[in-house]
There are 4 protein chains.
Amino acid sequence: MSVKALVLNCTLKQSPADSNTEALARVVMAELERLGVGTQILRVVDHDVLPGVTSDEGAGDGWPAIRQLLGNAEILVIATPTWLGQQSSVCQRAFERMDAMLSETNSDGTPAAYNRVAGVVVVGNEDGAHHIIGTACQALIDIGYTVPGQAWTYWNKGPGPGPEEYSNSHETEWSNATGVTAARNLFAVATALNAHPMSAPPAA
Amino acid sequence: MSVKALVLNCTLKQSPADSNTEALARVVMAELERLGVGTQILRVVDHDVLPGVTSDEGAGDGWPAIRQLLGNAEILVIATPTWLGQQSSVCQRAFERMDAMLSETNSDGTPAAYNRVAGVVVVGNEDGAHHIIGTACQALIDIGYTVPGQAWTYWNKGPGPGPEEYSNSHETEWSNATGVTAARNLFAVATALNAHPMSAPPAA
Amino acid sequence: MSVKALVLNCTLKQSPADSNTEALARVVMAELERLGVGTQILRVVDHDVLPGVTSDEGAGDGWPAIRQLLGNAEILVIATPTWLGQQSSVCQRAFERMDAMLSETNSDGTPAAYNRVAGVVVVGNEDGAHHIIGTACQALIDIGYTVPGQAWTYWNKGPGPGPEEYSNSHETEWSNATGVTAARNLFAVATALNAHPMSAPPAA
Amino acid sequence: MSVKALVLNCTLKQSPADSNTEALARVVMAELERLGVGTQILRVVDHDVLPGVTSDEGAGDGWPAIRQLLGNAEILVIATPTWLGQQSSVCQRAFERMDAMLSETNSDGTPAAYNRVAGVVVVGNEDGAHHIIGTACQALIDIGYTVPGQAWTYWNKGPGPGPEEYSNSHETEWSNATGVTAARNLFAVATALNAHPMSAPPAA
């Protein structure tokens, strides 16, 4: 089995601006690569994802190409910054478009997100990570993704002013180690579901 | 004192499409008008609000005009649909841009949102309203808005399939009455703060 | 493999009072039983679970017996009512005590909740289910449980006044069917993890 | 006008154990005292608050005495630790009992929490404060409390291991200053509402 992972980087900053969110997501990706997983990262804000809740909102919509990548990936990682304690508008836009997956199916008749796993990476200049992990997991599980235990990591600088940028240093050691664990758990559960898949619900 | 209210309708649907969210927001607006408040509603998705966390993201940004309206309104109502249990991406985009208000001040030196009140209107085809009221109030209070007691209303159809559209009927009676109460409480606290304003923090 | 499921009913009402939360949880249990899973339901409020964050808070503590049941169950279902939009205090008390599982291990050296799956059942007289599914899943995933896609169900009566009691009727058809799906997904992923377990992290 | 403030300390630790949550709450109290407000702090876990959603759950219930204090206080501060990213079970227990206030009135006929203000203090060994501020404010606003802008403060140590105890030091400077601002805003809005009260809704 060749497992593929897609990371949706939901930063507000268009390329080529530096993204702290991407920096931590790449720690997860590096471990996935080491485990033999093919990884791809996509910065959602670089694409013109139109508002809506279908998989194709028509002319000029950047989502259909992303939707196709989701269909090829057994592992999805949602990586988002924290703004006012919440996941970014770019992240929520992606979830709104993924809402359509609720009524789409895989080739074996299972709902589109069944037998796929998802994890979460949160970076911020302040508190909010646990909340975002909760809201993101709720959306992902609702759609049909399985979320393995401890399949997330986060970094922020704690309360008050201070350096706002994630950098690969002593201070981010815990976040990095937690990200490596997340990658392993995502891979382990993706592999288990590949060998023993959830089946399609019987026709109503 | 002449009080002004601004409603930000955060539906995903551009004008002139019908907006269920606007339908319930207009119940709050009608009561505010009856109390002598001048009201205005703006559909955020009709404007090109760029991603970012400043008050002006440059050429083509639709936010600066909205930011100016915020500065003129003693009462703000955030009206949002529910998607996957969360406030809309359009709503979160507005909050991200309002993040800049944290370091902006009124003419009397108070933070930009002090002595202003805010309320929330949530409409959805499923459960999520209390959560959104929580996340929206957290963002608004963080920025500096005061949220009066019971300054919100919501409507959704409960669990499972059914009619997804808000319509002014027996079924929305509770939502409408709750919206009238919200309008009165927003007006009462706005009036109280106008007469007895919060003062600027002392220079650090 | 003989799979066991434990349901923690987090109602505020002591036995033998009727519990709406239990009524919906029993729909999930019935399907689990049909799949060959041995099930057990426990009403947490009947036991004197002391405040704290260890697995044994000393004399009179009702938690150690529950902690042992958790160790025997591959499937955990958290069933909770909705109060002011939140999971019950009894549910949060259980999570606080499960916090200790973060540093406990299974006989194979994996963290105590690895290779176990969890689902959520929410009942309420008003909106709040999606939020509670989010906060509960965040806690469970944090501890190490894997949450399968669509491993939850809920029932509430929608906005405003109305009948507050879950009853097995046309009105709860969607909640029941969703509960059956949840049971199947819990069983499928528990089985997959049993055959292909997540492994222990390497010694630090 | 003589304003009174009540702080409900929702730590899991019974007296006389040290409470980090209380340490930060006392910063808010000190500023309230400086402004002439009479303050009182109560450790909820020291009292036997029974599960339920009425104001008096019968023999042995510790809540009725607390409910009376709530009726005497124009300012309420909810102070809670963070466990698994959530407000404590003791905090949620208090909210469940305050649910009954929805149908209780003040002597002037207003709902019991009208013309009262509330703020939030959160302490934790990890991320979760913004979320808890959101869930607590949602509950408080639902009940009828007005939440002034920036009427909260929090402290935690950021991601990963480290000193878990709040101590009045350079590291908590921001949390302390934010707590002083919270106290001023609570006092300002309580004073404004005392002079210009919200009125009772007309008989239905």
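A: Let's start with how the copies meet. This is a predicted model, and in it 100% of the interface residues of chain B are also interface residues in chain D, so the copies meet through the same surface. Chain B can be laid on chain D by a rotation of 180 degrees, with 0.0 Å of shift along the axis and an RMSD of 0.0 Å. The two copies are thus related as by a two-fold rotation axis.

Now for a close look at chain A and chain C. Their contact draws on 30 residues from chain A and 30 residues from chain C. Together the two chains bury an area of about 2400 Å², and carbon and sulfur atoms give 63% of that. What about polar links? There are 17 residue pairs in polar contact across the interface of chain A and chain C, counting pairs with both residues at pLDDT 80 or more. On the side of chain A that touches chain C, the elements giving two or more residues are α4 (129-143) and α5 (173-195) of chain A. Sorted by class, that side of chain A has 18 nonpolar residues, 10 polar ones and two charged ones. As for salt bridges between chain A and chain C, the count is zero.

One last stop is the aromatic rings. Searching the whole structure turns up eight aromatic pairs over all chains. In chain A, ring pairs join A:W152, A:Y154 and A:W174 into a cluster.

Notes:
Residues numbered from 1 in each chain as written. Chains lettered and ligands numbered in written order. Predicted model: local features only at pLDDT ≥ 70, side-chain atom pairs only at ≥ 80, totals over all residues. Heavy atoms only, no water. Contact = heavy atoms within 4.5 Å. Buried area = accessible area lost by both parts, 1.4 Å probe. Salt bridge = Lys/Arg side-chain N within 4 Å of Asp/Glu carboxyl O. Polar contact = N/O pair within 3.5 Å; in protein donor to acceptor, adjacent residues only side chain to side chain. Helix = DSSP H or I, 4+ residues; strand = E, 2+ residues; numbered from the N terminus. Nonpolar A, V, L, I, M, F, W, Y, C, P; charged D, E, K, R; others polar. Least-squares fit on C-alpha atoms with pLDDT ≥ 70 in both. Phe/Tyr/Trp six-rings, centres within 6.5 Å; stacked < 30°, edge-to-face > 60°.
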